[in-house]
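Good morning, and thank you for the time on the agenda.

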Amino acid sequence: GFIKEAIEIIPKLVICTRKLWQETKNKLLPTPAKFHYIFNLRDLSRIWEGVLNVESDTITSLDILLGLWKHECTRVIADRFTNPEDTAWFDKCLMKVFAEELGDELAKSVPEEPYFVDFLRDPPEATGDEGDDVELEAPKIYEPIPSYGEIEERLTNFLQQYNETVRGSGMDLVFFKDAMVHFFKISRIIGTDRGNALLVGVGGSGKQSLTR
């Protein structure tokens, strides 16, 4: 089961999530340039849907749980922001709401830039007892990224596998940090039930390639 500290703090995180959503809804109103700044109760359910993707074995410390909570709040709410000023306001508001409910000391444990993914595990090795039509798939364990270096190596392997599988449409991608972060976001959306996103940006920036 989950560690005792995680179980005890969850009710407070529920309150923090509601307050953060309410402040964002009141502050960042839709405009003609930001017509998609519409926040509703579905956002709250999506945040906790993301939190519930994690297994108890992954939450080995309170820091990981706080990172997961911040990650899901940021993915569901802040990923739709169109300028860095709104994102900076949201980060500041998140820490303010958290400190009000749980104290400044615990707020220091919230990671600055947490990311969670579900593609870090390798598929199990074949034992020979499987049937001919059995495909050994990698387990999808939702967990924090170890480091950008390890992630880059793994994504490069995925790219090589893709190019070997899809003939005639080889891709040559460079996985710098921003590209990897966008990949995390796209991967999370595709892996979420009824997940959807609108790819917005200048042509040739790699939106469709990363999604493939």
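**The second largest pocket**

The second largest pocket is lined by 29 residues, and those nearest its centre are Phe119, Lys140, Phe158, Phe183 and Ser187. Please note that this is a predicted model, in which local features need pLDDT of at least 70 and side-chain atom pairs count only at pLDDT 80 or more, while totals for chains, interfaces and linings use all residues. Residues are numbered from 1 along each chain as its sequence is written, and side-chain values use heavy atoms, with hydrogens and water left out.

A pocket here is an open set of points on a 1 Å grid over the protein atoms alone, where a 1.4 Å probe fits, with protein on both sides within 12 Å along at least five of seven lines; lining residues have an atom within 4 Å of a point. The volume of this one is about 760 Å³, taken as the space filled by probe spheres set on the points.

Which helix gives the largest share of the lining? That is H6, with seven residues. H6, H7 and helix H8 (207-211) each supply at least two. By type, the lining holds 16 nonpolar, six polar and seven charged residues. Ala, Val, Leu, Ile, Met, Phe, Trp, Tyr, Cys and Pro count as nonpolar, Asp, Glu, Lys and Arg as charged, and the others, Gly among them, as polar.

**H6 against H7**

Next, two of these helices together. The axes of H6 (residues 148-165) and H7 (residues 177-191) come within 11 Å and cross at roughly 70 degrees. H6 is therefore roughly perpendicular to H7, a label given to angles of 65 to 115 degrees. On the H6 side, the contact (heavy atoms within 4.5 Å) is made by Tyr148, Ile151, Glu152 and Leu155; H7 contributes Lys177, Met180, Val181, Phe183 and Phe184. Seven of these contact residues are nonpolar, none polar and two charged.

**Asp57 and the whole chain**

Elsewhere, Asp57 is found in the loop between helix H2 (41-51) and helix H3 (62-76). Asp57 is exposed (over 50% relative accessible area), at 65%. Its C-alpha lies 7.7 Å from that of Gly1, although 56 residues separate Asp57 and Gly1 in sequence.

Finally, the protein has eight helices and two strands, in the order α-α-α-α-α-β-β-α-α-α. Helices are DSSP runs of H or I with at least four residues, and strands are runs of E with at least two. The C-alpha trace spans about 55 × 45 × 30 Å along its principal axes.

Key: Axes fitted to C-alpha atoms, helices over the stretch in contact; angles between N-to-C directions. Parallel < 35°, antiparallel > 145°, perpendicular 65-115°, else oblique. Buried < 20%, exposed > 50% of the residue type's maximum accessible area, 1.4 Å probe, protein only.
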